[in-house]
Amino acid sequence: MDKLLEPCITLAQSAGDAIMAIYKKDDIGQQEKSDNTPVTKADLAANDVLVAGLKALAPDIPIMSEETPIPALEDRQHWQRYWLLDPMDGTGEFILESGDFAVNIALIENNHPVLGVIHWPAKDVTYFATANNGAFKRKGEHDKQIFVAPPESLTLAVSRRQKIEAVSQYLNAQFATVALGSCSLKACIVAEGKADCFLRIGPTGEWDTGASQVIVEEAGGCITDAEFNPLTYNQRESTENPDFIVMGHPDWEWQKMINPHQRLV
């Protein structure tokens, strides 16, 4: 795992450079995909960097990416190990020029994330973790181990563009908020203790949680679906996630504070 981590961090940073070369240009090549979500030249450029780099790094490990066709379940269900990529999480934020977008690389083993790298190009910050080795934040050449925050006053990570009411109806607690764009970056600020919880309402793919999950878990938190069940990877024909919850410190009484009987919709 150690032999893969640093090359993955370098690759994520290179993909971030490819994104930033297109950021704020007059022509970002914005298009709509078949699922009505946006894609840009930056998504595709980052994907090219990651796929080429990972094939060179580990030719025997299959790759699943948001920006390449997903194999049928019968072709991938026996993968014991594979890369799971979101070349640019937060394409909408890239288009809006908020800076809140990230490169996500995860390694999945036996249907569970064991390595995660999330690079924030606009801030030159990288979050990373491997199973049983802790979670870290890199800024420049400095690495700092990160942990979820112990319970004090509840802080909820929310989307810049989502109405607070969309998530507050599921919380039985008073809370402050911190707004950020990318799904994976909101998970990272929970992991580093700047927020305590993030409720994701709406469609996402398994690539949106793979890297986040190992980072949050290694920082002391967890990610589950809206009814506190484990997320699954590569076990269904669909790669769409259910609504999910990123929870920080386990001393919070999450199952009392979040109402799982109202499905997050």
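By contact I mean heavy atoms within 4.5 Å. The model is a predicted one.

Start with helix H1, residues 2-20, and helix H2, residues 41-57. On the H1 side, the residues in contact are Leu4, Pro7, Cys8, Leu11, Ala12, Ser14, Ala15, Ala18 and Ile19. On the H2 side they are Ala42, Ala45, Ala46, Val49, Leu50, Gly53, Leu54 and Leu57. By class, this contact has 15 nonpolar residues, two polar ones and no charged ones.

Now the geometry. The axes of H1 and H2 come within 8 Å and cross at roughly 155 degrees. Angles over 145 degrees count as roughly antiparallel, so H1 and H2 are roughly antiparallel to each other. The crossing of H1 past H2 is right-handed.

The second pair is H6, residues 183-191, and H7, residues 210-218. Their axes come within 9 Å, with a crossing angle of roughly 5 degrees. H6 is therefore roughly parallel to H7. Ser184, Ala187 and Ala191 of H6 meet Ser212, Ile215 and Val216 of H7. Four of the residues in this contact are nonpolar, two are polar and none is charged.

How much space lies in the largest pocket? About 1000 Å³. It is lined by 34 residues, and the closest to its centre are Thr37, Glu66, Arg200, Pro203 and Asp208. Strand S4 (81-89), helix H4 (91-96), H6 and strand S12 (197-200) each supply at least two lining residues. The lining divides into eight nonpolar, 13 polar and 13 charged residues.

Conventions: Residues numbered from 1 in each chain as written. Predicted model: local features only at pLDDT ≥ 70, side-chain atom pairs only at ≥ 80, totals over all residues. Heavy atoms only, no water. Axes fitted to C-alpha atoms, helices over the stretch in contact; angles between N-to-C directions. Helix = DSSP H or I, 4+ residues; strand = E, 2+ residues; numbered from the N terminus. Parallel < 35°, antiparallel > 145°, perpendicular 65-115°, else oblique. Left-handed = near helix turned anticlockwise from the far one by under 90°. Nonpolar A, V, L, I, M, F, W, Y, C, P; charged D, E, K, R; others polar. 1 Å grid on protein atoms, 1.4 Å probe; cavity = no way out; pocket = protein on both sides within 12 Å on 5 of 7 lines; lining within 4 Å. Points joined across faces, edges and corners; volume = space filled by probe spheres on them.
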